[in-house]
Structures are given as C-alpha cells and as structure tokens.
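Visitor: I have a new structure open and would like to learn how to read it. Could you walk me through some of its features, one at a time?

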Amino acid sequence: MNKTLSILFILCMLAACSKSGSGSGNGPVIPPPVTVPGISFWTTTADHSSLLLKQTTAAGFAATSSVLPMLTVDSTQTFQTIDGFGYTLTQGSADVISQLVSSQRTALLTELFGSAETGISVNYLRVGIGATDLSSTVYSYDDMPAGQTDPTLANFSLAPDQASMIPILKQILLINPNIKILACPWSAPVWMKDNGNSVGGSLLPAYYQAYANYFVKYIQGMQAEGIPINAITPQNEPLNPSNNPSLYMTAAQQAVFIKNNLGPAFAAAGITTKIIIYDHNCDRPDYPLEVLSDPAARAYIDGAAFHLYAGNIAAMSQIAAAYPGKNVYFTEQYTSSTGNFGGDLQWHMKNVIVGSMRNNSRIALEWNLANDASYGPHTTGGCNSCLGAITISSGGYSHNVAFYIIAHASKFIPAGSKRIASDNFGTLNTAAFLRPDGKKVLIVMNDSNTAQNFNIKFNGKWLSTYLAAGSVSTYVW
C-alpha cells in the first residue's frame, strides 16, 4: 500500500469509528486493507445472522496500521499446553443420541468429533461414573438391596452403561481415537454413605478403601471395553449435597481419601489415570489449596478442576501460582433453557473459553452434550432446565448456543497447542494459541452492545478488522 492510499485508509477508518460510536450497535462493516491474503476467520453473531460462518473477505497483515485499538499477539510468550475442548456426555445424552436413526447418529457424531474439515473436532469429554443428575434413573455400578453391603465389590458391573453410554463412546472413539475422557462420580453407592441415600450424605470412612477399589474397577472395566479413561475427579461438586445424586466431601476428607486410599490403589494396580481434585466453583479456591497443602495427597494429584456457578474465573490462577507444577481444568458450565442465545454466547465466550484459557486451564468444557426437547432425561430433582449443545427430536437434531461456544475453540485449536500472549482491550476479550502445525489462532469476543473496529498486530504487522456487538470471531493464520 503506497503512502497516499495509507493516509486515505486511516481517514476512512476515523470517519467510520466516529459513525459507529453513536450507532445502534450494528455498526459499519469496515473492509480490511488490500493486502496479501493469508488470514481466515469464522464469526458467530448474537443475532444468529452468522453461525460459525467463514468470512469470505480476503484478509492479511499489512505493514501499515490505523489508529484503532490494538490487539497484539506474541507467539514468543507461551503458557499452558491445551488438552482440548468439549462437553459432558451424560447417560441422558447417550440415551437420546442412541435414539437417532443410524445415519443421523453417524452424521451428528462425525460433525461433533470428526476432523476440523468435516466438523468441530471436539477432543475432550467428561462422563459420569454411575448416574449424573441428567440420567434417566439413579444408579451406581454396585447397587445393593437396602441394608446390604458389598465391601469386596463382588456385585460390581458396568451393565447400566451397556445400553447406550458404552456403545456411543465406542462410536466416538472410532471417529476420534485420540479423544481424552475425564470421569467423575456424582455419588458413591448408597451403602457406602452415612445417610444411605442418593442425595447428600458423606462417604463412611469404613468404605474409603472399597470406594478406591470401585474407581480401579471402573477404569479397568472401561479399558476392557476399549475406552481409556485419561483422568478422574473423586467427586463432582463436593460442596453441593442437594443434587440427585450427590455426595458431600470436605477438603480434609478428599485429602485423606486420596493419600491413604485412591492414590495407593491406583499405584498398586498400575493405573496412570490422572487424579484431579475439587471439580466445583471458583468461589472456593481454598478447597483445592487445602487438599494440595497435604504433601502425601499432593504426590498423587495432577491438578484441580473448576466450575463457574459462583466466584470469579481468575481464582483458577491461584492454584498455578501456589503450586506451579499442578494443572487446572475448567470442567463444567451449563446453558439454560430460559437463556438468551446472544447473552449466553457473550458470557460463556468471555468466561468459559477466553477466561479459563487466560487463567491457565488446559481444557474448557460446557455441560450437557445433548437432551430431548423437554430438557430430559434427568433424575427426580435433577436439572430440568439444562439446555444441551444439541437437541434431539423425533425429526433429527438441532444446534444450540453451547455448540457454537465450544466450536469456536475446538475446531481450530487441536490438543498440543499452547496458549500464547495476547492483549485484551476494553470490551474486546482475547485468547491466542500456537498450534503444533505452526499456525496461530486468535479468539476475540466483543463483550459490549456496540460494534468494535480494531487492529490485530502480529510480528510487526497489522490487520484492521471489525466485530459486531456481542459477537465472536476466531482468526487463523
């Protein structure tokens, strides 16, 4: 671009910025400078007009810049390695996906778990060890009649998962053999609990070892089915005893269970599955910090997992600061049937995707993968307003906001990528990554009700671009 054209372009930009500052939020679409093409980007807008749509405007970095806000990407500063992005495959998800005719089921699973060229390349899943609250019934793998116990686990069986969960996982692994799976229980078998109930109660110390062996049998049983379990957490939401099923487990109890029972049981069985603690909200970082403060427990622990139904996403960084050798994971956030597409897109992209990544997380997972049109199945007392990423109906399936939230990361950021430095500016929230193939990825969320014009700067050159109010773009170069 010669000097005259450069000056004209900057003047046009200034005029456009002046107009957009007083507009309704739609704003003018500012064409990028005429440069050598080399950047591809995909956009989802709050008003549904663009849904993970690849933009056709040629774009590339130029040697000249404008006076617009500058988002700098620096691939020489690297942070955590990324394991993946995905969802929880509940038993309810597996049930409704199994109800699709074979061709539809294959098409859906290929879209979700296939390559970036054919789908959104989801590469991380969370599953329940036994029932979650989004299962059709409450169950464990060792249920006993009232008043009876089974400390040797002679009655242990994965049979409750044979109808849909295990077959769906096997089909997913055929599509993506490298997918990572994190498993966690909502409750121990009720005969191990001090209240004998699926809701609440605590694990009886007399059954700590039996429960550790229960994890061992689960991991070995899934491995025998050809389903490797990469990681577990000892308890989903250990400070929430009100769900069905659920179990209350204090930090002190979790530390004792890990150091005396679970860790040694894994070691004795030669199990290398990671133990990740906590798996609850960002308002209580003191919980994982307390568990990690026990050196004997810490020796068996890979890191800590978080949700964001309370607290601030920045709490995740406290773990990395206090224990640099330990990892952090973002494992759950739900979208509601009463929510708004644009509002959910904006909040989840800012917090779950960008926020968790900027706070050292190796993964970002939304909650339920799929449910029916009535937001089921779920247990009695389980979530009746959780909106899956996919809605399964008699005529097929449709995509909801969580599909696009995860897709803006999973489709473009493979396992083994590293987060790299990138600027936030005002209401523009970013996370940047260096892929194993050398390409760079930048996610930008416009967390405002007005359009934003801005520059992306990389390696001494600039790209001028635009993002509508409440919208997100993923840039790849």
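Guide: Let us begin with tryptophan 477, which lies in the segment after strand E22 (472-476). Helices (H or I, at least four residues) and strands (E, at least two) are DSSP runs, numbered from the N terminus. This is a predicted model, in which local features need pLDDT of at least 70 and side-chain atom pairs count only at pLDDT 80 or more, while totals for chains, interfaces and linings use all residues. Residues are numbered from 1 along each chain as its sequence is written, and side-chain values use heavy atoms, with hydrogens and water left out.

Visitor: Is tryptophan 477 buried or exposed?

Guide: Buried means under 20% relative accessible area, exposed over 50%, and partly exposed in between (1.4 Å probe, protein chains only). Tryptophan 477 has a relative accessible area of 12%, so it counts as buried.

Visitor: Which residues does tryptophan 477 touch?

Guide: Contact means heavy atoms within 4.5 Å. Leaving aside residues up to four places away in sequence, tryptophan 477 touches Gly38, Ile39, Phe61, Val73, Lys439, Lys440, Leu442, Ile456 and Phe458. As for tyrosine 404, 73 residues apart from tryptophan 477 along the chain, the two C-alpha atoms are separated by 21 Å.

Visitor: How should I read a sheet, and what is the strand order here?

Guide: Strands of a sheet pair through backbone hydrogen bonds, either parallel or antiparallel. Two strands pair if DSSP finds at least two bridges between them. Here an open sheet of 9 strands runs in the order E2-E1-E22-E19-E18-E17-E3-E20-E21, with mixed pairing. Its edge strands, each pairing on one side only, are strand E2 (53-54) and strand E21 (461-467).

Visitor: How do E3 and E20 pair, parallel or antiparallel?

Guide: Strand E3 (residues 70-81) and strand E20 (residues 452-458) are parallel, with 4 bridges. Valine 73 stands opposite phenylalanine 458 in E20, and leucine 71 has isoleucine 456 in E20 as its bridge partner. E20 is mostly covered, with 6 of its 7 residues buried.

Visitor: How many bridges join E20 and E21?

Guide: These two strands pair in the antiparallel sense over 7 bridges. Phenylalanine 454 has threonine 465 in E21 as its bridge partner. The hairpin of E20 and E21 has 2 residues between the strands, and asparagine 459 takes a positive phi near 55° there.

Visitor: What does H11 touch on the sheet?

Guide: Helix H11 (residues 401-410) packs on the sheet by touching E1, E19 and E22, and its direction makes about 170° with that of E1. Axes are lines fitted to C-alpha atoms, for helices over the stretch in contact, and angles run from 0 to 180 degrees between N-to-C directions. H11 is mostly covered, since 10 of its 10 residues are buried; among them are Phe403, Tyr404 and His408.

Visitor: Which residues have the most contacts inside the largest nonpolar core?

Guide: In soluble globular proteins, nonpolar side chains tend to be buried together. A nonpolar core is a set of buried Ala, Val, Leu, Ile, Met, Phe, Trp, Tyr and Cys residues joined through side-chain atoms within 4.5 Å. The largest one in this model has 111 residues, and those with the most contacts inside it are Leu89, Tyr218, Ile232 and Ile353. Helix H5 (residues 208-224) gives the largest share of this core, 10 residues. Apart from it lies another core, of 18 residues, including Phe61, Ala432, Val444 and Tyr475.

Visitor: What is the backbone like at glutamate 237 and asparagine 360?

Guide: Most residues other than glycine have a negative phi, and most peptide bonds are trans. Glutamate 237, in the loop between E7 and H6, has a positive phi near 40°. At 8% relative accessibility, glutamate 237 counts as buried. Asparagine 360 sits in the loop between helix H10 (341-358) and strand E12 (361-368), and its phi is positive as well, near 80°. With a relative accessible area of 24%, asparagine 360 is partly exposed.

Visitor: Where are cis peptide bonds found?

Guide: One joins asparagine 244 and proline 245, with omega about 5°; proline 245 is in the loop between strand E7 (231-232) and helix H6 (251-269). Another joins glycine 376 and proline 377, with omega about 0°. Proline 377 lies in the loop between strand E13 (370-372) and strand E14 (386-387).
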